[in-house]
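The structure comes first, and the comments follow it.

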Amino acid sequence: MINRRQLERNLLMVAGIIMLNGILAVNLAHGVLNYQTLGAVTFIFAGFMAANIVLCKVGHTGDPLFLPLASLLVGIGLIIILRLKPELFMLQVMWVGVGLVAFLISAILAKRLEQIAYFKYICGFIGVGLLLSAILFGVDIGGNKNWIIMGPVRFQPSEFAKIFIVLFLAAYLSERRELLTLATKHYGPFVLPHPRFIAPLIAVWSLGMLMFVLQRDMGAALLYFGLAIIMTYMVSGRSSYVIIGMIAFLVGSVICYHLYSHIQLRVDIWLNPWSDPSGGAYQIVQSLFALGSGGIMGSGLTYGFPTMIPEVHTDFIFAAIGEEMGLIGAGAVILLYILMIYRAFRTSLLSLMPFSMMVAAGLAVSMALQTFLIIAGVIKFFPLTGITLPFISYGGSSIVSNFILLGMLFSISEVRGYDAK
Amino acid sequence: MRNDMNDLAKNIRKVALGLLSLLVILLFYLTYIQVVQSDFLIAHSLNRRTLEAFRMIPRGMILDKSGEKLAYSKKVGDSFKREYPYGSIAAQVVGYDSITYGRSGIESTFNRDLTGNNTSIAHLGAVSHLLTNRSGNNVVLTLDAAVQETAYKALGNHKGAIVAINPSTGAILAMVSKPSFDPNEIDQQWKRISTDKNSPLLNRVTQGLYPPGSTLKVMIAEAARREKVIDLKEKIYCEAALKIPPDYVLQESHLEAYGNINLEEALAVSSNVFFGTLSLKLGYKKMENTFDRFGFKRSVGQELQEVASHLPDFSSLGDGDLAQTGIGQGSLLVTPLRMAMLASSFANEGKIMRPYLVDKITDLDGSLIKTFAPAEWLTPTTPQLAGEINKMMVRVVRDGTGTAASLPGVLVAGKTGTAENAQGDSHAWFIGFAPADNPQIAIAVIVENSGFGGSIAAPMARQVFKAALQ
């Protein structure tokens with residue numbers, strides 16, 4: 001299976017050339033070559049190549065697309081961060097480095113994924129604990145109240161919690177899938193299993209609602225809520241769960257809409273941003289201006305004005321890509337995510353164990369939901385939610401957790417190759 | 001177990017399809033925003049991008065016909081500041097350019113050229129940066145800064161307007177409106193300037209509407225000759241007032257009875273009775289037709305942003321009102337520009353050239369980008385009739401009401417006016433051209449609420465003629 005790694009290496013080189021190109025473009029537009037930034041991207045490129053070599057050495061036969069796709073997304077992210085916030089560039093480079101190490105560890109450790117199933121409740125508690133810690137001790141940084149500060153370390157626990165929640169749900173649900181399929185109770189047109197089997201799901205659901213209300217974090221709430229419902233659907237095949245879940249969420253949202261003015265504001269802004277373009281809807285309107293001004297070809301790197309959007313380097317980084325790289329660049333980014341998520345689902349479907357199928361599918365769902373929610377928010381397809389764009393947005397927690405997630409997917413994608421041999 | 005795995009795979013496949021479809025929908029919506037909505041979003045007034053892009057390169061200069069700077073951009077720190085060396089002298093023509101309060105005048109109408117006309121290639125993406133101009137283009141006006149300054153000073157502290165055009169080309173040589181403002185101070189003084197009840201921002205030449213008074217008589221004289229209601233030698237007996245049934249009395253302004261006079265004499269003394277009589281002889285149809293011929297119902301084009309003249313509804317005019325219209329009173333209202341154009345038709349063998357303010361666009365180095373050629377607008381009358389009226393107007397300045405406009409050694413033609421109005425004292429008018437035998441400049445002067453045209457407006461016209469013909 002050495003040619004898988006060879007393919008990976010070739011693709012990594014393509015991604016590396018694209019990244020180097022972008023970094024050079026930003027540098028040259030400012031008229032000076034900053035050797036530090038060039039050194040940094042060389043370091044990142046070397047890091048990816050080194051990861052490839054390590055995987056080669058340990059004989060890993062994981063999907064050869066994951067790493068190149070991630071390196072391309074990371075590259076685009078680094079280019080746009082260098083252009084938007086040069087002072088954060090080196091930090092992001094460091095986080096990508098840490099992320100690569102985390103990827104390798106995760107890719108190798110997750111070979112023993114089945115053992116994790118035994119610790120599902122521990123995973124569940126860690127996941128819930130991380131979310132609760134954000135709810136209870138969360139500190140507001142840059143408008144998102146989901147930061148935990150422990151001495152010199154600060155991170156966003158919700159970025160990591162999703163991995164544990166997926167592991168827990170996958171283990172819990174795959175063990176009980178017969179019970180869930182053979183539902184026993186009838187509630188009107190709906191068929192549900194006995195409440196005690198879906199208690200953990202209700203717990204995740206309540207947690208989502210709690211985040212929604214207490215942290216104003218609609219994005220994370222939707223993410224966890226959607227994750228729980230979709231994973232339940234996958235094992236049960238019953239759309240009634242999805243329908244009930246959506247009704248529950250809609251009812252919850254309507255109640256919240258009437259009870260909480262900030263949620264009302266967000267929805268109103270989404271419905272009609274042009275009624276208050278300089279006030280509440282300022283950010284989204286600026287984002288639309290950026291995207292529209294970018295047009296098909298974009299303004300060219302450094303020639304746009306994406307810095308007119310507040311928080312452009314985290315939540316709105318996609319709008320900056322749309323403005324300076326145009327529909328071509330922004331569309332390519334969406335296509336990269338589609339490709340990555342497709343490979344993740346493919347990994348799940350080619351896996352032979354129900355548990356690993358569920359883990360891979362759960363991780364794919366979380367990545368898809370997260371990507372959809374943030375991009376849809378930035379382009380006003382959906383109310384704005386404050387979550388990060390995987391592999392692109394600035395932030396250590398986001399980068400590292402997504403690399404861990406990718407490492408797990410990578411590891412699961414190997415099993416099939418091993419069996420096929 | 002195997003069967004169960006197949007079910008799980010089937011469900012996962014459905015979920016995958018659903019979620020990937022959502023992302024594909026996003027791709028379509030993104031295309032909608034970036035392609036279909038693009039123009040709307042770029043042009044939106046709250047989108048500061050275009051403005052910011054323009055601020056990164058120097059805006060082009062606005063120059064007079066001989067290259068005198070009327071507006072230019074000076075680098076201050078990282079951005080550019082707009083300077084107007086002539087200040088209030090050409091304020092309404094040149095206009096202002098303010099981040100906060102927008103633009104006016106040439107700064108507004110020729111904004112695309114002044115900013116370098118880079119918008120059309122913005123859709124080319126990064127490639128467009130190879131093609132964009134590094135500075136805006138210069139707009140060269142037909143204005144003569146020296147004549148403009150003379151006209152500005154001539155108006156003194158009066159409210160009013162002076163416009164001078166080259167009758168054979170339509171090129172506008174001077175365009176003064178008072179009171180004025182200093183465009184250098186637009187941001188600091190905006191509140192005072194914009195709320196001043198005397199409207200300093202208004203360009204009275206193109207946007208001020210006034211009754212033309214007796215200056216209109218030159219046109220009635222032409223109509224009477226054209227429609228053959230009077231012969232050159234024919235005399236009409238003029239009393240001090242003309243009774244028009246049922247109950248209207250048209251009076252001479254000084255109540256003098258001119259007795260038996262012909263058309264030329266009547267124009268020289270500006271007899272209301274004579275021209276009232278001519279108007280009645282012409283009748284409303286021919287009167288309306290005359291206004292139409294001289295272009296009072298047509299726009300001269302977008303560039304000058306002129307307001308439309310206000311003409312009476314001729315078909316419903318009584319005889320009294322018709323006679324009033326014939327002496328430039330009643331509900332008739334016109335812009336000073338129109339009266340200068342009327343004068344120019346008799347200076348230019350019966351042709352009116354389209355008035356224009358911008359001669360050419362040049363780039364940073366002065367190379368030509370675009371020129372605006374003179375264009376014929378209307379031919380309201382024949383060279384022969386124009387010559388007759390020309391001669392009569394020379395007589396007005398030689399020994400009629402307009403003697404104050406005469407210049408030694410130069411044949412000046414003109415017509416005065418003293419227009420009654422609802423706002424107070426009469427407006428003083430003078431229209432004319434010089435030299436009458438080889439016209440270089442046609443003029444309209446209006447001085448609001450200041451009395452007789454012959455004593456107030458004619459001397460101002462004289463100063464402008466002198467400056468222009470030097």
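This is a predicted model: local features need pLDDT of at least 70, side-chain atom pairs count only at pLDDT 80 or more; totals for chains, interfaces and linings use all residues.

Which residue takes a positive phi in the hairpin of S2(B) and S3(B)?

1. Gly77(B) does, with a phi near 65 degrees, in a hairpin that has two residues between S2(B) and S3(B). Strands here are DSSP runs of E with at least two residues, and helices are runs of H or I with at least four residues, both numbered from the N terminus.

2. Residues are numbered from 1 along each chain as its sequence is written, and chains are lettered from A and ligands numbered from 1 in the order in which they are written.

3. S2(B) and S3(B) run antiparallel and are joined by five bridges, with Tyr72(B) opposite Glu83(B) of S3(B). Strand S1 (residues 62–63) of chain B also pairs with strand S2 (residues 69–76) of chain B in the antiparallel sense, over two bridges, and Ile62(B) has Ala71(B) in S2(B) as its bridge partner. The hairpin formed by S1(B) and S2(B) has five residues between the strands, and Gly67(B) in its turn has a positive phi of about 95 degrees.

4. Helix H11 (residues 217–226) and helix H16 (residues 383–399), both of chain B, pack with their axes 10 Å apart at an angle of about 135 degrees; axes are lines fitted to C-alpha atoms, for helices over the stretch in contact, and angles run from 0 to 180 degrees between N-to-C directions. H11(B) is therefore oblique to H16(B), on a scale where angles under 35 degrees count as roughly parallel, over 145 as roughly antiparallel, 65 to 115 as roughly perpendicular and the rest as oblique. Residues of H11(B) including Ala221(B) and Arg225(B) meet residues of H16(B), among them Glu388(B) and Met392(B), contact requiring C-beta atoms, placed from the backbone, within 7 Å.

5. In chain A, the axes of helix H3 (residues 66–84) and H14(A) come within 10 Å and cross at roughly 160 degrees, and these helices are therefore roughly antiparallel to each other. The residues of their contact comprise 14 nonpolar, no polar and one charged; Ala, Val, Leu, Ile, Met, Phe, Trp, Tyr, Cys and Pro count as nonpolar, Asp, Glu, Lys and Arg as charged, and the others, Gly among them, as polar.

6. The contact between the chains takes 46 residues from chain A and 36 residues from chain B. On the side of chain A that touches chain B, H14(A) gives the largest share, 13 residues, and by class that side has 33 nonpolar, 13 polar and no charged residues.

How values were computed:
Two residues are in contact if their C-beta atoms, placed from the backbone, lie within 7 Å. Two strands pair if DSSP finds at least two bridges between them.
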